[in-house]
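Here is a walk through one structure, part by part. Keep the sequence and the 3D view open as you read.

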Amino acid sequence: MTRRDLLKSMAAAAAVSAAEAAFPGIVFPAQDKAAPAGGGPPAPALPNDPNLAWKKTPCRFCGVGCGLLVGISNGRAVAVKGDPASPVNRGLACVKGYHSVMALYGKDRLTRAMVRKDGKLVPVPMKEALDLVASKMAETIKSHGKDAVAMYGSGQWTIPDGYVASKFMKGAIGTNNLEGNARLCMASAVTGFMTSFGLDEPMGCYEDIDHADVFVLWGNNMAEMHPVLFSRLLERRLKNPDVKIIDLATRWTRTSMAADRSILFKPQTDLAIANAICHEIIRNDWVHAGFVRDHVSFHEGKTNIGYGLEDKFTFKDEPKTVGFERYRELLGDYTVEKVEALSGVPARELRYLASLYGDPKKKVMSLWCMGFNQHTRGTWINNLVYNIHLLVGKIATPGNSPFSLTGQPSACGTVREVGTLTQRLPHGDVTEEKARKLAAEIWGVPVERIAPKPTYHTVEMFRAVDRGDIRFLWIQVTNPMVTMPKLRRYRDGLKKDDRFIVVSDVYPTPTTDVADVILPAACWIEREGMFGNSERRTQHWDRLLPPPGEAMSDTWQIIEVARRMGFEKLFPWPEATHIPDIWKEYTRFQAGPEHEMAPYDELRRRPGVIWPFVNGKETKWRYNGQYDPAAKGAFDFYGKPDRRAWIWFRPYEAPPEVPDAQYPFWLNTGRVLEHWHTGSLTRRIPVLHQAVPAAYVELHPTDAQRLGIANGQRVRLTSRRGALVLPAQIDGRARPPEGQVFVPFFDEALLINELTLDAFCPISGQPDYKKCAVKVERA
Amino acid sequence: MLRRGAPMPIKSYLAYPVSGRLDELAAALRRLPGCEVIPAVNRDLLVLVTDSPDEAAEAALGLELARVPALQALALVAGLGDAAIDPAPPISSARHSSGGRS
Amino acid sequence: MNRSRYFLIGLAVLLMAALVAVAGQSLIAGREPARVMPVTAQATPTLPTEAGMYARVARAADYAAMPAEPNRKRTREAYYARRAYPGAPPVIPHPVDERQAFGKACLACHGEGGWVPRFEAYAPVTPHPEMASCRQCHVPQAGQPAFRASDWHTPAPPALKAAAMPGSPPPIPHALQMRENCRACHAGPGAVDVLRTTHPQRVSCRQCHALAAPAAEAFARPLTLPSPPGEEREKTP
C-alpha cells in the first residue's frame, strides 16, 4: 500500500467516524473499492490471490441481464460477484449468476468435433467437421434448393453470432430459413409491440421500478424467474410501504408469498380480465381523455383465428380502424360480473385492479413474461395490457410502464434486434423493399439475393424437417429435443434418414444425441461478445478464458463454414478484430435516433448502454418528447404511420384443448429459480443440482388426497400425445389450484414436452406451453 | 495546514443526496476523476474521498462537484496532503465505539 | 332578560348552522370511492418454505441499523451447547415460571428479540412464532448431575464457509422445516455472531442461497429415461 493509499484510508476513516458520531448505528461496508451504490452487501472476504483479476460481463442466464464481475486467476474462473457499477443489479445476483462460471467446468464438456459414422459418433478434427458441414450444406442446396437448408439459433446467441448467421443465411445463401428459440419465448411480445406500436421492445426501462407505486405481475413468477429485478421491487416496497405488489397468476408461487395480494384466475381468462379492467376504466370515467384523443387510435381485427395445429397453417389479420365508441361497444361483454363467472376472479377484485390502474395519483408498472407470451392468443393479450395503460395514459413516463420482461439473456439483443427470424432483417422486414435494399447495400450482395418472402416460423420449420422439405438443419445454443412442444413428432422427424443435423453446443444433450455432426462451442466468457437484455441495454464482455480443446465460438464456426462455401468476401474479418468489425458493420443498420447503438469503445468501457444511444445519451423512455430525441411533441408513437399508439379490441377465445372427462387436469410447465431452461448448464453446477436434482409434478393437496397420492409418490401424467411418470410434490415450492398440475422442464430424463401441444398464436407462431389437458393417476 | 504548492490534498467529505437520489449521486460522483465513493448501507449518506494531482485539478473538481444535481450538501471532514509534512488532523475527531464495520 | 335570551338562542342557532355547514362540507370533500383491499373469496395459502423468508419483512431495514455489539456476541459454541444435536430444540437456559407454558410469555422476548436487562443478553428470535406450545419442545435444565452416564455422540454441526467459490453465497446447510424465517436466526444482535448476515435488508434470501441437499447423486449422462406404459425407451448414448 502506498503512502497515498494510506492517506486515503485515513481520510475515509475520518469521514466514517464523523458519520458515526452524527448518526449512531450507521453502517458502512468494509473498505473495499467495490462498495455498491445504494447500500448493497459489502464485498466478501476473498483469498489473497495476487493473480486474481475481476472482469465485467453480463450474466449468462436470464433476461434481467445482471452485470457480474468474474474472478479470473491463472486462466480459470474462480469466483463471481455482482458488479456494483451496473445500474441493473447494483452488485446483487441470484444463485444461478453467483455460480454461473462453474457451468464451464463440467467433466463431460464437448471439446472435440464428432461425426456420426455408421450410427456412432466418432471424434474428428474440427477442420474435417467444418469441411463436412460446408459440403453437406452446399450439396443439399444443389439437390433440393436453398430453402432445403435451415438454421435454428437462440436468444442465448451473442449479437455477433446472430449477425453472421443472418448475413450467411439471408445475404449469402439467400434463404429465410433462419429462426431462433426466442420464437418459443418472446414472439408474441414482438408481435404485440409491432401491432400496438409499430416498433419492438419496451418503451420504458428498469428505472421505472424506482418510481412506480403499484406493480402488477401478470402470470409470471418474478421472484424465481427475474429474481434480481424482483428484489428491486421488494426494496422499493421496503423503503415505501405504500407500494403494492399484486400477483395475478394461475397458481400460487414464491411470488404470491411475497406479494401484497395474490389473485388467481383460470387459464386463458387473462384476456377477459384485461378487457374487464378496460370496461371498468371506461365505466368509471377514468379514461385519460386528452391522451387518448391526441395519441391513440382504435382498431379491430379478425376473430376465431385458429390455433396452428395443422401443417402449413397460415393466418393474415384484417385490421379495421374504428372509433372509441365502437371499442366501448365491443367491450360490452366484459362487465366484471360476466368476467367473474368466466375467470373465477371475484368482481370486487376486478374492480380493485381497475381502480389501481384508474387512480391518477398512482404510477403503475405491469410486468409479464411467459404467461402472456406462451399463449395461443399471446399477441392479443400483449395488446390488451397495452390497452389498459393507453386508456389511462400511463405509459412512456417514469414509473408508468407496461413492461414486457424478456426471458433469455439476448432474445432482445440478438434475435429481435439483429432479426434472426424468418421474416426479419437486421433492420426491417424481408417483405419491405427498402429494408432489402439497405441489407443488400451494407452486406454487399445483389438485392435479388435477399428472399422477399418469409418461409417458416419455428414450429413450421420443424414440421418442414419432418416432412422432408428441409433436409439440413444447423442448431446452435439451444436444445429443441427437450423444448419443442409435442416433442415426439419433432424428435422422430429429426431422426429420419436423409436429414442432416448439425449441432453446436457445449455439453452433450438430447439434441446432440440426434446430431450427425457435433461442433464443440466456446461458452460465454470463453469468447468476446455482447448480449442485449430486457431494457434495451447492450452489454459487452471480453474474452476472459481460453475455450477448451478445439471448442470454437459460434460466430467463428459460421464464418469458417461460410468461407468454405465461397463467401469469403462477405466474411473477410481477421479473427483478432472480428468482433469489433462485426459490431461496426451491424450498427450501420440501426443508425438514426430511433435505434442508434453505442460505439464499440463505449460498450467496452461501461456496464452496458441502453439504445437508442443518441449524441452520447441513452434514451430511457421512448416516444416521450422529454426523453426521446426521435419524438416530436409530448408523446409521439413514431412507429405507426398515424404516429399514434393502437388500441386493438381483442376478444376472449378459449384454448384449443381444455380439460374434459377423459383428461380432467390442466398441465402447466415452466422453470424453477435454480435451473436454466433444459438444465444442460445448471445441472452441471453442483450447488444448483443439489438444490433441485430432478423434476416433479406439483399437485393441490385436495387433488392429491382424492387420488391417494402422498408427497414424493410416483404419479403418471397422460395426455393425448404421451405419458410420463414423475414424483409428486405437494406444497413445496408452489401450489397449483385444484384441477391443475405443474411440471418444470429442466430435466432431460423427464421430458414433459412429450405431453404438451404444438398449438400456437396464429399471429406470432409462438406455442403455448402453459395449457393442455392431462390425466393424473397414481403410478 | 498544507504547505502551499505541495502535491494536492486528499480530502474526505460526507455527501448528502437530494432526498431519494442516493444511487444517482453515487453514480455521478464515481464518474468524476479521482473520486472514491463509500455509500452507507442503511442511511442516505455517503463518504466521498477525493484525490487530485494538482491545484488546477482540485479546483476543477470543486466546480464539478457543485454541478452534480443530486448533491444536496457536502461536508468536508479531512484534508490530508501527500507532502513531506505531517497531515492535518481530521476535523471531526469524535469516535463512536460501536461496531458495524470491520 | 328577554333580550339576552334571544341573543343566546340566536348564537346557538348560528353555531349549529356553522357546525352543520362545516361538517357537511368536510364530509362531502372527504368522500372518495373506497379503494380498500377486498376480502377475497380465495385465500392465498401459505407455502412455508417460500413464505418464511418474507415473514416480518417490514422490520428488515431495522436490522441493518442495529449495532453489532462485539462484546455481547452469541457464539456458535454457546449455540450448540444448548442443543443435543444440530437441529434439536434448544433447552431453556434461564429460569422459567412453570405456570407460563404457552406462547405469550415466551414471545414477549423471543418474538421480536431485543435486549433483556435481566439476563444482560440479546434474546434469540424464534423462527416459528406460530407454534404456541413452547414448553412442548423447549425445557429448562434443573442443573442436577446426570442420573447415569451417557455415551451420547452428536453429529458435527454443518460446516461454515461452504460457499462453492470464494465470495459465493453459501448454500443453506440445514433443513428448512420450522426454520423458514431466515432473519430470525441470521440477523440482528441476537444472532450467532458468525452466522449474522451482512445484508439483512435483502429479503429474498433464497434467491442467492440454495438449499444444499445431502449428497444427491451428481448429474451424469448416460441416463435411462423412464418408459411410459407399454413403450420401450432407448438409453441415451
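## Domains of chain A

The centres of domain 1 and domain 4 of chain A, taken over C-alpha atoms, are separated by 37 Å. Keep in mind that this is a predicted model. Chain A splits into four pieces: domain 1 covers 3-105, domain 2 covers 113-185 + 411-618, domain 3 covers 187-408 + 641-649, and domain 4 covers 665-778.

How many residues of domain 1 of chain A are in contact with domain 4 of chain A? Seven residues of domain 1 of chain A are in contact with nine residues of domain 4 of chain A. On the domain 1 side, that set is made up of five nonpolar, one polar and one charged residues.

## A parallel sheet in chain A

Next, look for an open sheet of five strands in chain A, with parallel pairing and the order 10-9-8-13-14. Strand 10 and strand 14 (401-404) of chain A sit at the edges, each pairing on one side only. If you ignore direction, neighbouring strands of this sheet are turned by 15° against each other on average.

Zoom in on one pair: strand 13 (residues 364-368) of chain A runs parallel to strand 14 of chain A, and four bridges join them. Here A:Ser366 stands opposite A:Pro402 of strand 14.

## An antiparallel sheet and its helix

Chain A also has an open sheet of three strands, this one with antiparallel pairing and the order 18-19-20. Its edge strands are strand 18 (529-532) and strand 20 (609-610) of chain A. Between strand 18 and strand 19 (residues 537-541) of chain A there are four bridges, in the antiparallel sense. To find your bearings in that pair, pick out A:Phe531, whose bridge partner in strand 19 of chain A is A:Gln539.

Helix 16 (residues 411-419) of chain A packs on this sheet and touches both strand 18 and strand 19 of chain A. The direction of helix 16 makes about 85° with that of strand 18 of chain A.

## A covered strand

Is strand 23 (residues 645-649) of chain A mostly covered or mostly uncovered? It is mostly covered, with five of its five residues buried. In a regular strand, side chains alternate between the two faces of the sheet. Strand 23 of chain A is covered on both faces: A:Ala645, A:Ile647 and A:Phe649 are buried on one side, and A:Trp646 and A:Trp648 are buried on the other.

Strand 23 of chain A runs parallel to strand 11 (residues 296-300) of chain A, and five bridges join the two.

## Nonpolar cores

The largest nonpolar core has 253 residues. A:Ala93, A:Phe215, A:Ile277, A:Val502, A:Leu717 and A:Val741 have the most contacts inside it. Take A:Phe215: leaving out residues up to four places away in sequence, it touches A:Leu233, A:Ile245, A:Ile246, A:Met365 and A:Leu367. Another core, of 42 residues, lies apart from the largest one, and its members include B:Ile10, B:Leu29, B:Val37 and C:Ala191.

Now go to A:Ile501, in strand 16 (residues 500-505) of chain A. Why does A:Ile501 count as buried? It does so because it has 23 C-beta neighbours inside 10 Å, and the cut-off for buried is 20 or more. Setting aside neighbours within four places in sequence, A:Ile501 is in contact with A:Leu473, A:Ile475, A:Leu494, A:Val514, A:Ala515 and A:Asp516.

## Where chain A touches chain C

Between these two chains, 62 residues of chain A are in contact with 50 residues of chain C. Several elements of chain A each supply at least two residues to its side, including strand 3 (76-82), helix 7 (227-239), helix 13 (347-358) and strand 27 (722-730). Helix 24 of chain A gives the most, with six residues. By class, the chain A side divides into 38 nonpolar, 10 polar and 14 charged residues.

## Chain B in brief

Chain B has two helices and four strands, and along the sequence they follow the pattern β-α-β-β-α-β. It has 102 residues, of which 37% count as buried. Among contacts in chain B between residues at least 6 apart in sequence, 62% join residues at least 24 apart.

Terms used: Residues are numbered from 1 along each chain as its sequence is written. Chains are lettered from A and ligands numbered from 1 in the order in which they are written. This is a predicted model: local features need pLDDT of at least 70, side-chain atom pairs count only at pLDDT 80 or more; totals for chains, interfaces and linings use all residues. Two strands pair if DSSP finds at least two bridges between them. Axes are lines fitted to C-alpha atoms, for helices over the stretch in contact, and angles run from 0 to 180 degrees between N-to-C directions. Domain bounds come from an automatic or database domain assignment. Ala, Val, Leu, Ile, Met, Phe, Trp, Tyr, Cys and Pro count as nonpolar, Asp, Glu, Lys and Arg as charged, and the others, Gly among them, as polar. A nonpolar core is a set of buried Ala, Val, Leu, Ile, Met, Phe, Trp, Tyr and Cys residues joined through C-beta atoms within 7 Å. A residue is buried if 20 or more other C-beta atoms lie within 10 Å of its own, exposed if 12 or fewer, and partly exposed in between; C-beta atoms are placed from the backbone.
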